[in-house]
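Thanks for coming. I will go through one structure this morning, and I will keep it plain. Please have a look at it first.

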Amino acid sequence: VAQAPALPTGFELPLEPRLPRIGSIDAVALEERAASLAKRSIKKDAKVWALELAIRCTDLTTLEGADTPGKVAALSSKAIRPDPGDPSVPSVAAVCVYPNLVPTARERLEGTGIKVAAVATGFPSGQYPTPLKVADVRSAIELGAQEIDMVIDRGAFLSGRYAKVYDEVVKTKEACGDVHLKVILETGELGTYDNVRRATLLAIAGGADFVKTSTGKINPAATLPVALCMLEAVRDVHEETGRRIGFKAAGGVRQAKQAIQHLILVHETLGPDWLTPDLYRLGASSLLNDILMQLRKEKTGVYQSPDYFTLD
Amino acid sequence: MADLDHTQDRAPVPKDWLYAPAPESTDIVRLQERYGFFIGGEWAEPSQTYVTISPSTEEPLAEVGEGTPEDVDRAVAAARAAFENGWSSLPGAERAKYMFRIARILQERAREFAVLESMNGGKPIKESRDVDVPLAAAHFFYYAGWADKLEYAFPNRRPRPVGVAGQIIPWNFPLLMLAWKVAPALACGNTVVLKPAETTPLTALLFCDVLRQAELPPGVVNIVTGDGRTGAALVEHPGVDKIAFTGSTEVGKEIQRRLAGTGKKLTLELGGKAANIVFDDCALDQAVEGIVNGIYFNQGHVCCAGSRLFVQESIYEPIVDKLKQRLETLRVGDPLDKNTDVGAINSKMQLDRIRELVEAGKEEGAQIYQPSCELPEKGYWFVPTVFTNVAQSYRIAQEEIFGPVLSVLTFRTPDEAVEKANNTPYGLSAGVWTEKGSRILWMAQRLRAGVVWANTFNRFDPTSPFGGYKESGFGREGGLHGLEPYLRFDDSEAWGG
């Protein structure tokens with residue numbers, strides 16, 4: 001398969017039991033369904049439940065050239081106790097950083113159960129030779145990364161070299177071993193929902209534990225229709241093979257309201273089983289404070305100034 | 001919330017996410033205890049009344065008039081007077097001004113109308129809010145635009161109004177059907193006597209308030225509530241020039257019999273048993289959404305509902321599996337809750353009819369599937385239902401159920417799909433699901449249905465004509481075609497039309 005030049009129509013991925021047919025996506029209907037789910041009205045205890053779940057599923061992220069050990073240490077502290085004023089607020093699922101900052105995060109998060117994820121494989125572009133990408137993954141793991149967020153090679157994908165994309169996922173998964181692998185599709189660069197679906201199935205066939213929408217560097221990122229499209233692919237894989245693949249929405253989710261809409265998509269597409277940090281993640285940085293603000297409002301009845309919530 | 005799961009090392013996690021009730025407030029609706037008839041711009045006292053209820057709670061909402069032949073006579077006289085005394089000779093642009101006003105007021109009062117529609121009819125608030133009311137306003141906007149352009153719509157045919165239009169509308173889209181009927185009639189310079197459905201008169205009565213607000217001249221629109229007898233009096237009234245009816249095929253046939261030889265113009269929009277045809281190259285998940293929307297939209301109380309699902313045999317299993325899964329997430333309950341997908345059945349009578357046909361389906365040997373969902377104790381409810389193993393000869397594949405009940409059949413080739421789809425006395429609508437453009441056109445040419453939707457279903461727009469073939473009726477509503485039934489032309493004069 002690795003040598004196959006392209007994925008012809010009706011191509012079946014080499015899995016046993018086999019993956020569902022690739023199929024196609026009707027963009028209008030997909031967007032309509034996503035929009036109608038976004039109109040769900042979530043109130044009171046259902047809202048508090050969703051907000052706390054969103055925190056428990058958050059991959060608190062900083063991916064800047066200017067990241068320093070100090071910044072990452074502060075972020076890690078926030079990951080453990082997002083709202084110092086309210087100990088009932090849960091910790092996040094993971095902290096996501098560049099490989100060089102993994103040791104700092106590991107040190108601060110020791111014993112908390114919060115995972116440290118590293119982006120790798122030439123993040124965010126993925127435009128590097130395959131051996132370098134694999135080496136990137138290995139060194140991130142050596143530095144202590146417990147989860148790897150890889151990017152697919154969109155250049156290869158868009159030029160029809162699906163086999164190369166598949167091959168790199170397979171090699172990355174090999175390098176990961178037991179380390180949790182999330183595959184970033186960078187849907188904002190894929191152009192069509194058909195491509196998003198293809199890339200999702202390709203990543204899953206290659207061994208992804210999670211499929212993830214975006215790097216956060218490109219707009220649009222985790223839009224609701226893109227999330228729905230990927231969730232439906234995950235559902236098809238589960239139906240056909242029994243494999244449970246996780247999903248991570250990353251990029252562009254900044255408000256608590258959007259986070260709830262994403263959770264509704266998961267709830268009504270894959271069901272309550274997927275509403276756990278083991279199978280669902282929200283990659284975000286500024287989202288957390290908005291959730292905290294909304295939670296405080298639900299609990300006290302009034303909004304508080306942003307000054308009451310720490311930056312990181 | 002549900003039971004707690006303590007297996008995780010962090011905070012305890014409830015297992016399921018139960019959406020808290022999110023009901024739309026009814027405070028915005030001020031109902032009178034008793035309504036009369038709206039005749040000549042005034043409220044007329046009824047001699048007899050009946051009580052209209054909310055089908056989701058069975059609670060009474062208001063007392064409304066039961067129109068007698070005398071009431072109908074007064075309404076027709078008022079309509080005639082308004083027609084003669086100015087409305088028919090008003091320049092089109094002036095008529096349009098009133099209609100634009102009506103449209104804008106409907107938009108301004110949209111929430112009020114949406115809430116009342118859901119209270120009286122049982123449909124989910126998200127549908128009355130996002131579909132019924134905005135579309136009703138859109139119809140007035142659209143036909144207001146035609147009012148001064150009739151000469152251009154029908155060049156060299158000298159279009160003139162027909163006179164007094166008697167309009168009888170159904171209970172499934174009370175306000176929207178009112179707009180479908182009233183808007184083209186007014187645009188063409190006719191006056192109207194409208195009879196709302198017996199079970200859902202309230203939005204039509206609230207609409208009278210809009211007419212007054214818009215300062216529409218008295219008598220141009222008159223509304224007489226009542227049951228079938230009121231409708232019959234309207235049909236038979238000699239002062240009515242045109243009848244427009246939307247409802248059951250049975251009543252439609254009766255109206256046509258009674259009008260034979262009277263010279264009254266007639267349009268009928270009757271029942272349907274639409275085929276929703278799913279090919280193996282469709283986008284599966286989106287097709288499933290379309291199937292759900294096709295049959296469970298408005299509890300299946302839709303004349304063009306996609307009640308016969310034809311699935312190509314090669315994808316029968318995934319489609320049926322996905323459909324069943326999707327049904328589990330349908331939220332049935334309080335129509336006023338913003339998260340409700342399927343509301344209450346409109347009336348006890350309709351519920352009995354649905355039950356009867358579903359029983360017949362079981363007896364005939366079809367396999368029934370219903371999702372697990374709890375129904376409220378009071379009110380009229382029916383669980384969204386799918387029948388598989390359905391044969392073309394079963395009653396559930398032949399008769400219009402007008403409820404949330406889907407019959408699944410299969411086909412092997414496009415020819416077979418067309419043949420089976422057309423094998424019905426009805427011909428209102430059809431749906432085709434395929435990613436292949438050429439096949440959509442091939443199918444649309446061969447399906448005997450007034451509307452063929454491609455990769456969508458139950459989509460309405462004022463610019464698009466809607467109407468049936470065969471026993472689904474004749475005449476079109478919407479679009480340029482929708483003007484014709486409300487106009488006389490030079491060329492039709494010779495034929496006594």
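Let us begin with the interface. Chain B and chain A bury about 3,200 Å² between them, and 45% of that area is on carbon and sulfur atoms. Please keep in mind that this is a predicted model. On the side of chain B, 36 residues take part in the contact, and chain A gives 39 residues.

How many salt bridges are there between chain B and chain A? The count is six. As an example of a salt bridge, take Asp130(B) and Lys39(A), whose side chains meet at 2.9 Å, N to O.

Now the whole structure. Over all chains, the search finds 62 salt bridges. One that I would like to show you joins Asp83(A) to Arg296(A), with the closest N and O atoms 3.1 Å apart. Where do the two residues sit in chain A? Asp83(A) is in the loop between helix 3 (69-80) and strand 2 (94-97) of chain A, while Arg296(A) is in helix 11 (residues 287-300) of chain A, so the pair ties together parts that are 213 residues apart in sequence.

Next, a pair of helices in chain B. Two packed helices are described by the angle between their axes and the distance between the axes. For helix 3 (residues 110-121) of chain B and helix 4 (residues 125-146) of chain B, the axes come within 8 Å and cross at roughly 125 degrees. Angles from 65 to 115 degrees count as roughly perpendicular and those over 145 as roughly antiparallel; helix 3 of chain B and helix 4 of chain B are therefore oblique to each other. The crossing of helix 3 of chain B with helix 4 of chain B is right-handed.

Which residues meet there? From helix 3 of chain B they include Phe113(B) and Glu117(B), and from helix 4 of chain B they include Ile125(B) and Arg129(B). Sorted by class, this contact between helix 3 and helix 4 of chain B has six nonpolar, two polar and three charged residues.

Last, some backbone details. Phe123(A) and Pro124(A) are joined by a cis peptide bond, with omega about 0 degrees. Pro124(A) is found in the loop between strand 3 (115-120) and helix 5 (130-142) of chain A. The peptide bond from Asn219(A) to Pro220(A) is also cis, with omega near -5 degrees, and Pro220(A) is in the loop between strand 6 (210-212) and helix 9 (224-241) of chain A.

In chain B, Asn298(B) has a positive phi, near 55 degrees, and is not a glycine. Asn298(B) lies in the loop between helix 10 (284-296) and strand 15 (308-312) of chain B.

Notes:
Residues are numbered from 1 along each chain as its sequence is written. Chains are lettered from A and ligands numbered from 1 in the order in which they are written. This is a predicted model: local features need pLDDT of at least 70, side-chain atom pairs count only at pLDDT 80 or more; totals for chains, interfaces and linings use all residues. Side-chain values use heavy atoms; hydrogens and water are left out. Axes are lines fitted to C-alpha atoms, for helices over the stretch in contact, and angles run from 0 to 180 degrees between N-to-C directions. Helices (H or I, at least four residues) and strands (E, at least two) are DSSP runs, numbered from the N terminus. Angles under 35 degrees count as roughly parallel, over 145 as roughly antiparallel, 65 to 115 as roughly perpendicular and the rest as oblique. A crossing is left-handed if the near helix is turned anticlockwise from the far one by less than a right angle, and right-handed if clockwise. Contact means heavy atoms within 4.5 Å. Ala, Val, Leu, Ile, Met, Phe, Trp, Tyr, Cys and Pro count as nonpolar, Asp, Glu, Lys and Arg as charged, and the others, Gly among them, as polar. Buried area is the accessible area (1.4 Å probe) that two parts lose on being put together, summed over both. A salt bridge is a side-chain nitrogen of Lys or Arg within 4 Å of a carboxyl oxygen of Asp or Glu.
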